[in-house]
Amino acid sequence: MTRRVMDPDDVDRALTRIAHEIVERNRGTDDLVLVGIHTRGEPLAKRLAAAIERIEGTEVLAGGLDIGLYRDDIDTRPKTELGKTDVPEPVDGATVVLVDDVLYTGRTIRAALDALADLGRPARVQLAVLVDRGHRELPIRPDYIGKNLPTALDERVTVHVAELDGDDGVVIEPGGTT
Amino acid sequence: MNHFLTTEGVSREDLTALLDDADTFVEVLERPIPKVPALRGKTVATMFFEPSTRTKLSFEKAAKALSADTMSFSPGTSSLSKGESLKDTVLTVEAMGTDAMVVRHKATGAPWRIAEWVDQPVLNAGDGAHQHPTQALLDALTIRQRFGTLDRLRIGIVGDIRHSRVARSDVFAFSTLGADVTMVAPRTLLPINDDGWPAAATENLDEVLSELDVVYLLRVQAERGGASVFPSLSEYTTRYGMTRERFSRLKPDTVVLHPGPMNRGVEIAAEVADDERSLILKQVANGVAVRMAVLFRLMGGEHDE
Amino acid sequence: MSDLVLSGGRIVTQEGVLEGDVRIADGSIVEIGTGLEGETLVECDGAWVGPGFVDLHTHLREPGQEWKEDIESGSAAAAAGGYTAIVAMPNTEPATDAGHLARFVADRGRAVGLVDVVPSGAVSMGRLGEQLAHLDELWDAGVRVFTDDGDAVADAALLRQAMDYLATRGGVIAQHAVDPDLATGGHMHEGAVSSRLGMSAIPSQAEDTMIARDLQLAALTGARYHVQHVSTAGAVQMIAAAKDGGINVTAEVTPHHLAFDDTAVAGTDPSYKMMPPLRSSDDREALRRGLADGTIDAVATDHAPHAAHEKDVPYEDAPNGIIGLEWAAAVVNTVAPLDPVAFYSRLSVKPADIAGLADHGRWVAVGNPGHLTVFDPDHRWVPERTASRSINTPYLGMPLTGRVSATIHAGSITARDGAPNFSMLST
């Protein structure tokens, strides 16, 4: 039983709200860098950067981070493609907002923090996610949430982004993990 | 169990996937901290039964850049000289807790035998005159970085092809990736029988020189084969060396590659070696990235079911 | 001794193949007919019944290398393979270059009692190729086949001398025709496969040049000359022409050269490393034709045991050779099948003639010695074990068509269905 829980308008409103929250919390855009986690975090980060530009009138840099080399489950998960990492410089002293589509166990974010640490020393790191589905296995908490989505362990949450999937949306499907 | 032993019979998709992975590692190696934790806790054994400095160092750097530990074996002072068989030597090393073996051996097919004896991935770092697959990968990567693709590139491999494992690996890898390969050498250095080799052959370098996009120079080998294979080095240079004069006849975008170590003044003029169109040092840098890609793929993770 | 009846077989006699029974008593064939009875009965079910096989080329490794094989284990393997006589190669340690060493091998074979072990003698002292061995002593000890096998007699003058000596006496010089200079450092056939592997290799000419030279010397001296383990199309051609020209030449081929070609070496598996090496498919084709038309007189196994640890190494480091006594007939029947007369001719009659063994290789007839082999040419099976002390062979696990049902040596059953009769061993 597949349920659609966010349609394109929902996604758009959530991102707009998050963009406002980021600007509000950081009192502007000084030293702000958005880093999207590969794969779908990246287009979301770019959209947030564009939204913040519209709000504040200043350019905000956005980039992508691949965490394939930092995973802790390398022996047990299927082989995946390695993506590109291009994080805008400088990272040292920046306010980095990590952006991801779904927050679940927190292991992806942990890997992203390790990857980030190898690229430099940010002043602070914040986390923005489109969907938080619960079931944390590590002490990781998001700063900005698009939607809270309680789920069962045997359900799968899939986020579609127009840049990669043709349309925006969030669906819950039975079976497997995400 | 997967191994990386040869480029012969490896599909274009598989070669391309490894090159794409290598691109990621090229970027990693350019970072301030050129290291990722992907193979943390794993141990890579480098078992070089034939002397090598560059390839061994390159593999060790690759393993370390992936945060793996390394264990190095070289003959001479080892128990091999006490008469221990190759099989017992590798089983002993495996029992110490390694997760992969990188093997170089002068006997053709030795890495294949070792792959039968141990229960972990084996990488061929050179067996006899047969194959040196990671060399072919780094060569292909270097060419791809410069031209974007190998499709329809005219590549000339010049030198002692008959006794070269680099040449064999390159011929298969380059042609699988779409290149048009020509082997250039005197008859005594061309393959004795080139049935099934996906490459043309000629003894005349000057005839094909100006059509080539890539000139791949092989080292003139004194140490392999024993008996002299060419009347004299200066004759070799006259007919097959990449002299300044020949270099000037190349197309403006043509590049020169060499697996190293070079005999400056023999197969390659010193000025050519140092020219911007000679990608030799790039090959070396790419070597680490390519070996990281192979190690990562063999040791990191389940494979597609 | 009790009498033994081989019942319901297709018996290969001088006059042709007839269906019936054979009765053997007191070590000789006493009756051929139908409805025969005896104390021991072997049901042949239409299998061929013919003279016991004779191998011109076996390495028994005793004295000196008994960890690989010895005369007892080698005899057991031979019996299982249908052999009633085997010619033991002289590359033992010490080499069989003197009379007492030949006697040792023969005596040991007699003591084991499963098969007639016939020692060959070296041509040169120590097989070093420098001076002649004690040919007279060897002759007096019963040696009729002279060879430096393992090595060629490369020195033309020495070979001529040996040929001159034997020409008047009647023995045969068997040559391991591999020119050491052309073969140095080579590990396989020089061709497309060796070129892909980048492996040092041995051209066909290493064999052909030596045979060409030797044939001239055989013509000069009138000696009997036998080419061991022929492997090239060129050799087959030269041997045919030499026979046409009246030269006293014979030739043997191994089952593995009939079965495999150099593509078997592509995987660098030492199970396919032999000397001479496996050659091209064209060469293999020529060998099969040569065997069928009789240019090649005999099948000889070149049974070459090596311990497991000796072969479990990279290809270039492995010693040459495989064991094959137990499956030679089956392999020939599988890859190069012959009619029963030709089959027994190549496996028994001609080799016995070449080795000068009067009691062996005789078409089934009343009064002949009781050395017989029953061979079922249709039986499909997969070898799974061996009586040899070594296991270096590609035949284990390989599907074969044809099997030795029974081996009869001097009227006693020495093997049944591929298993040697160990109770036969004298103590």
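What distance separates the centres of domain 1 of chain B and domain 2 of chain B? Taken over C-alpha atoms, the two centres are 26 Å apart. The model described here is predicted.

## Domains of chain B

Chain B is assigned two domains: domain 1 covers 12-132 + 284-299, and domain 2 covers 133-280. Their contact draws 21 residues from domain 1 of chain B and 21 residues from domain 2 of chain B.

On the side of domain 1 of chain B that touches domain 2 of chain B, at least two residues each come from α1 (12-29), β4 (122-127) and α11 (280-299) of chain B. The largest share, six residues, belongs to α11(B). By class, this side of domain 1 of chain B holds nine nonpolar, eight polar and four charged residues.

## The four-stranded sheet of chain B

Chain B has an open sheet of four strands in the order β2-β1-β3-β4, with parallel pairing. Its edge strands are β2 (69-73) and β4 of chain B, each of which pairs on one side only. From one strand to the next the twist averages 15°.

Strand β1 (residues 43-48) of chain B runs parallel to strand β3 (residues 100-105) of chain B, and five bridges join them. Opposite B:Thr46 stands B:Val102 in β3(B). Helix α11(B) lies across β1, β3 and β4 of chain B, and runs at about 130° to β3(B).

## Contacts between chains

Two pairs of chains are in contact, and chains B and C share the most contacts. Chain A and chain C are joined by no contact; their closest C-alpha atoms lie 29 Å apart.

The contact between chains B and C takes 22 residues from chain B and 16 residues from chain C. On the chain C side, helix α6 (residues 192-197) of chain C gives the most, with four residues. The side of chain C that touches chain B consists of six nonpolar, five polar and five charged residues.

## Domains of chain C

Chain C is also assigned two domains, with domain 1 covering 4-48 + 367-424 and domain 2 covering 55-355. The centres of domain 1 of chain C and domain 2 of chain C, taken over C-alpha atoms, are separated by 25 Å. Their contact involves 32 residues of domain 1 of chain C and 35 residues of domain 2 of chain C.

Strands β1 (4-13), β16 (372-381), β17 (400-409), β18 (412-416) and β19 (419-420) of chain C are the elements that give two or more residues to the side of domain 1 of chain C that touches domain 2 of chain C. Of these, β17(C) gives the most, with seven residues. That side of domain 1 of chain C divides into 16 nonpolar, 13 polar and three charged residues.

## A helix pair in chain C

Helix α7 (residues 205-221) of chain C packs against helix α8 (residues 233-244) of chain C at an angle of about 15°, and their axes are 9 Å apart. Because angles under 35 degrees count as roughly parallel, α7(C) is roughly parallel to α8(C). The crossing of α7(C) past α8(C) is right-handed.

From α7(C), the contact is made by C:Glu207, C:Asp208, C:Ile211, C:Ala212 and C:Leu215. From α8(C), C:Gly234, C:Ala235, C:Met238 and C:Ala242 take part. The residues of this contact comprise six nonpolar, one polar and two charged.

Methods:
Residues are numbered from 1 along each chain as its sequence is written. Chains are lettered from A and ligands numbered from 1 in the order in which they are written. This is a predicted model: local features need pLDDT of at least 70, side-chain atom pairs count only at pLDDT 80 or more; totals for chains, interfaces and linings use all residues. Domain bounds come from an automatic or database domain assignment. Two residues are in contact if their C-beta atoms, placed from the backbone, lie within 7 Å. Ala, Val, Leu, Ile, Met, Phe, Trp, Tyr, Cys and Pro count as nonpolar, Asp, Glu, Lys and Arg as charged, and the others, Gly among them, as polar. Two strands pair if DSSP finds at least two bridges between them. Axes are lines fitted to C-alpha atoms, for helices over the stretch in contact, and angles run from 0 to 180 degrees between N-to-C directions. Angles under 35 degrees count as roughly parallel, over 145 as roughly antiparallel, 65 to 115 as roughly perpendicular and the rest as oblique. A crossing is left-handed if the near helix is turned anticlockwise from the far one by less than a right angle, and right-handed if clockwise.
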